[in-house]
Amino acid sequence: MTAPLRFDSLDAAVDFLYSRIDGPLHLGAPLGLGKPHRLLNAIYARAERETARPLHLYTALSLDPPGSGSGLEGRFLAPFVQRHFGADFPRLRYVEALKRNALPAHIEIEEFYLQSGALLNAAASQRRYASLNYTHVARALADRGVNAVVQKVAADPTGSARLSLSCNTDLTFDAIDAIVARGLPRPLLIAEVDPQLPWLGGSAAVDADFFDAVVLPPPPYPALFGLPRQPVSDADYAIGFYASTLVRDGGTLQIGIGTLADALCHALVLRHTDNAAYLRVVRALGIEVAEETAPPLGAAPLRGDLAGDRNAKAPVAPLGAAPLRGDLAGDRNAKAPVAPLGPFFVGLFGCSEMINEGFRRLVEVGVIKRKVVDDLELMRRLREDTASADDRARLEREGEFLQGGFYLGSPDFYAWLRALPEAQRRGIGMRRISEVNELYGGNETLERLQRRDARFFNSCMMATALGAAVSDTLDDGRVVSGVGGQYNFVAMAHALPDARSVLMLRATRESAGEVRSNLVWNYAQTTIPRHLRDVYVTEYGIADLRGKTDEDCIRAMAAVAEAGAGVALRLTAMRHGKLPTHTPQPHSRNTPQHLREVLAPFRADGSLPDYPLGSDFSAVEQRLVKALGWLKAHTATRAAKLRTLLRALAAPSSAADPDAMQRMGLHAPRGLGERLQARLLRLGLRETA
């Protein structure tokens with residue numbers, strides 16, 4: 001291959017693209033962080049002018065900072081967005097057009113995963129969404145005849161001519177291979193070098209001539225898109241701690257993103273660094289831990305006696321390592337054998353499509369540390385405990401403890417990647433999505449040895465009583481996010497003999513001031529079909545559905561629903577002949593109030609902090625987040641808004657948290673509107689102090 005053309009001008013790179021491609025542009029761009037925002041904006045500007053040259057962009061997860069909004073939300077967000085993302089952050093122009101429903105007719109944007117909830121009302125996005133498993137996207141790109149790919153890359157800090165795909169090795173290699181295998185020309189490849197992007201070597205690094213052109217735009221260089229870290233609720237923590245009991249030392253870990261994943265990671269960190277505190281939380285949630293068992297490595301047998309209505313407390317860590325003995329009649333999964341819940345001696349191997357904030361923390365404290373190598377015979381010797389000293393030296397030297405297809409996180413996360421010592425950096429392998437998300441990428445036997453005792457944790461929006469999951473689409477067909485890799489990991493959990501898929505969800509949600517159950521009898525859309533049902537976790541426990549009958553699934557799901565919803569599920573099942581008509585309705589303590597009481601001591605002693613993985617908000621902003629959250633919940637309906645406003649007007653007007661009032665520009669309100677906002681904010685601050 002010849003050396004790539006070098007440009008220091010975005011317009012020159014766009015000229016090159018248009019000169020090399022005849023007719024319509026079928027352009028591919030990575031999801032998330034690897035999308036070259038400035039180059040894409042320059043291409044979009046050119047496409048807007050050249051109406052005779054259609055532009056078809058194929059991508060996913062087009063990240064866009066939140067808008068400033070209005071009222072109290074706007075007062076909070078505007079300064080935060082400018083500080084966190086930077087005043088010069090290049091918002092994607094096509095996303096702005098999509099949100100305004102103003103995309104030109106000759107420009108088409110097709111995504112297979114959307115920024116969660118951001119494009120529900122964008123008609124073009126909803127029409128041109130492609131529902132694809134992550135591992136099938138490369139094939140779809142070949143079907144579309146992609147003729148160019150643009151990607152953000154990192155330059156080698158040592159000064160070599162090599163480039164790193166860094167944050168997005170997920171689809172580029174697979175897509176090029178699929179396109180060429182179809183007999184189509186290799187797509188034109190243009191790299192935009194971003195000096196802010198962390199360098200990762202290994203399989204992420206390529207020679208510069210992998211690309212046809214490389215552009216290094218002039219400074220200043222905008223900050224990388226940072227996901228603001230959100231506070232973790234009581235429900236999130238309960239889900240995270242229940243889920244953490246399913247993880248076996250020496251196993252494999254995959255996690256998603258969001259506060260449920262944050263809570264799970266914190267639980268695993270606490271289990272490793274302060275096992276006594278971890279076990280106190282676990283016991284408070286109702287999992288029985290024998291008092292006499294707390295050795296340093298945590299060989300603590302747990303007994304999950306679910307007499308009553310607490311299926312949540314039964315199938316803990318082994319979940320496949322040993323047969324579960326479960327008499328589910330009467331909602332009992334009695335005394336299922338459970339693995340130790342001590343610190344991680346062997347450690348975990350991280351294998352996840354996305355590397356994020358939680359993995360950073362797990363690496364820092366030594367939970368993620370089990371290494372693997374791409375050598376079948378060596379991995380066999382390790383399993384059989386016949387590895388030599390040379391084998392172990394090679395494992396230490398060449399092994400990887402964390403593999404992923406893309407990464408995305410906070411500014412702190414990117415700083416951590418940039419500052420990693422070289423020996424530790426080598427332990428992170430950025431791989432093709434076909435390697436990470438499935439077993440059938442060409443070396444299944446090796447991957448089975450590497451991914452022992454795998455636990456695949458993902459989130460869903462809702463689940464049915466019969467075990468189907470709703471993760472990406474509303475009942476009217478509008479897409480919230482996308483399938484992504486969730487189906488891949490569920491299927492892989494069933495393909496690996498000792499793996500489990502764990503879908504985490506909150507038992508309820510609030511919509512328009514009404515609390516609704518997320519465990520439903522049925523739903524118009526599903527992401528994971530019922531025949532792949534495995535493990536569900538809510539804040540009220542764990543429901544093990546693998547291989548169970550419909551009757552037992554319904555009992556298990558009702559047992560981890562909010563109390564009233566559990567009753568409704570059982571009654572519906574009786575009407576449809578799925579439960580005996582004499583099924584009792586046991587008393588349930590599955591209520592938010594009871595959960596708050598259970599976790600309150602651990603909130604107070606610092607075991608369960610609001611921001612377990614760090615915060616992007618100042619201390620004042622953290623107090624404001626709580627206050628604004630309270631106000632949102634108490635003004636969701638017209639009646640609730642009126643009650644809250646009357647309370648605010650009746651409350652004393654004395655200063656409440658002057659620093660917070662100053663931050664919101666309401667320390668000296670002017671006019672009726674600002675005075676009302678100030679009174680509401682003071683009420684929210686008092687209620688959440």
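Close-up 1. Arg 383, at 57% relative accessibility, counts as exposed. Between Arg 383 and Glu 384 there is a salt bridge whose closest N and O atoms are 3.8 Å apart; the term stands for a side-chain nitrogen of Lys or Arg within 4 Å of a carboxyl oxygen of Asp or Glu. Residues are numbered from 1 along each chain as its sequence is written. Because the model is predicted, local features need pLDDT of at least 70 and side-chain atom pairs count only at pLDDT 80 or more, while totals for chains, interfaces and linings use all residues; side-chain values use heavy atoms, with hydrogens and water left out.

**Close-up 2. Asp 550 meets Arg 530 in a salt bridge.** Here the N to O distance is 2.5 Å. Asp 550 lies in helix α19 (residues 550-559) and Arg 530 in the loop between β23 (519-520) and β24 (535-538), so the pair ties together parts that are 20 residues apart in sequence. Helices (H or I, at least four residues) and strands (E, at least two) are DSSP runs, numbered from the N terminus. Asp 550 is buried, at 15% relative accessible area, whereas Arg 530 is partly exposed, at 36%.

**Close-up 3. A salt bridge joins Asp 234 to Arg 603**. The closest N and O atoms are 2.9 Å apart. This pair links distant parts of the chain, with Asp 234 in helix α8 (residues 234-244) and Arg 603 in helix α21 (residues 592-604), 369 residues apart. Asp 234 counts as buried, with 18% relative accessibility, and Arg 603 as partly exposed, with 23%.

**Close-up 4. Salt bridges also form a network.** Look for Arg 229, Glu 357, Arg 360, Arg 361, Glu 364, Asp 412 and Asp 616, which are linked by salt bridges. In total, the structure holds 52 salt bridges.

**Close-up 5. Helix α6 packs on helix α7**. The axes of α6 (residues 137-144) and α7 (residues 172-181) are 8 Å apart, at an angle of about 45°. Ala 138, Arg 139, Leu 141 and Ala 142 of α6 make the contact with Asp 174, Ala 175, Ala 178 and Ile 179 of α7 (contact means heavy atoms within 4.5 Å).

How values were computed:
Buried means under 20% relative accessible area, exposed over 50%, partly exposed in between (1.4 Å probe, protein chains only). Axes are lines fitted to C-alpha atoms, for helices over the stretch in contact, and angles run from 0 to 180 degrees between N-to-C directions.
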